[in-house]
Amino acid sequence: MTEAQAEARKFWEMLRTLPDRVRAIENFDLNIDALQDANVAGAAVSAVDAGTWQVPSSADAQAHD
């Protein structure tokens, strides 16, 4: 019974703080462009580390533009 009461208190605390947590998420400004740039940079660093980095040809670069 004591364990169930402790779990109920944890659950109640989570429910009590839920509105503040949701507000924090709603106010979070997510910069998708910055995340994509960081992902590309991270992939490039990983490829260099793995020795698999390949410089795109000028035709490949023009195809993406």
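## How open is a residue?

A residue here counts as buried under 20% relative accessible area, exposed over 50%, and partly exposed in between. Arg 16 comes in at 47%, so it lands in the partly exposed group. Keep in mind that you're looking at a predicted model.

## Charged pairs along the helix

How many salt bridges are there? The count comes to 3. As background, side chains of opposite charge can pair when their charged atoms come close.

Let's start with Arg 16, whose partner is Glu 13, with 2.5 Å between the closest N and O atoms. Both sit in helix H1, 3 residues apart, or about one turn of the helix. Glu 13 is partly exposed too, at 34%.

Next up, Lys 10 and Glu 7 join their side chains in a salt bridge, at 3.4 Å from N to O. About one helical turn separates Lys 10 and Glu 7, because they are 3 residues apart in helix H1. Lys 10 is exposed at 53%, while Glu 7 is partly exposed at 43%.

Then there's Asp 20, which forms a salt bridge with Arg 23; their closest N and O atoms are 2.5 Å apart. Again the two lie in helix H1, 3 residues apart, about one turn. Asp 20 is partly exposed at 49%, and Arg 23 is partly exposed at 44%.

## A nonpolar patch

Which residues make the nonpolar surface patch? Phe 11, Trp 12, Met 14, Leu 15, Leu 18 and Val 22 do, covering about 560 Å². Take Leu 18 as one of them: it belongs to helix H1, which runs over residues 2–26. With 38% relative accessibility, Leu 18 counts as partly exposed.

Definitions and conventions
Residues numbered from 1 in each chain as written. Predicted model: local features only at pLDDT ≥ 70, side-chain atom pairs only at ≥ 80, totals over all residues. Heavy atoms only, no water. Patch = residues over 30% accessible without salt bridge, like charges linked within 9 Å, V, L, I, M, F, W, Y side chains within 5 Å. Areas by Shrake-Rupley, 256 points an atom, 1.4 Å probe, with all protein chains shown as cover. Salt bridge = Lys/Arg side-chain N within 4 Å of Asp/Glu carboxyl O. Helix = DSSP H or I, 4+ residues; strand = E, 2+ residues; numbered from the N terminus. Buried < 20%, exposed > 50% of the residue type's maximum accessible area, 1.4 Å probe, protein only.
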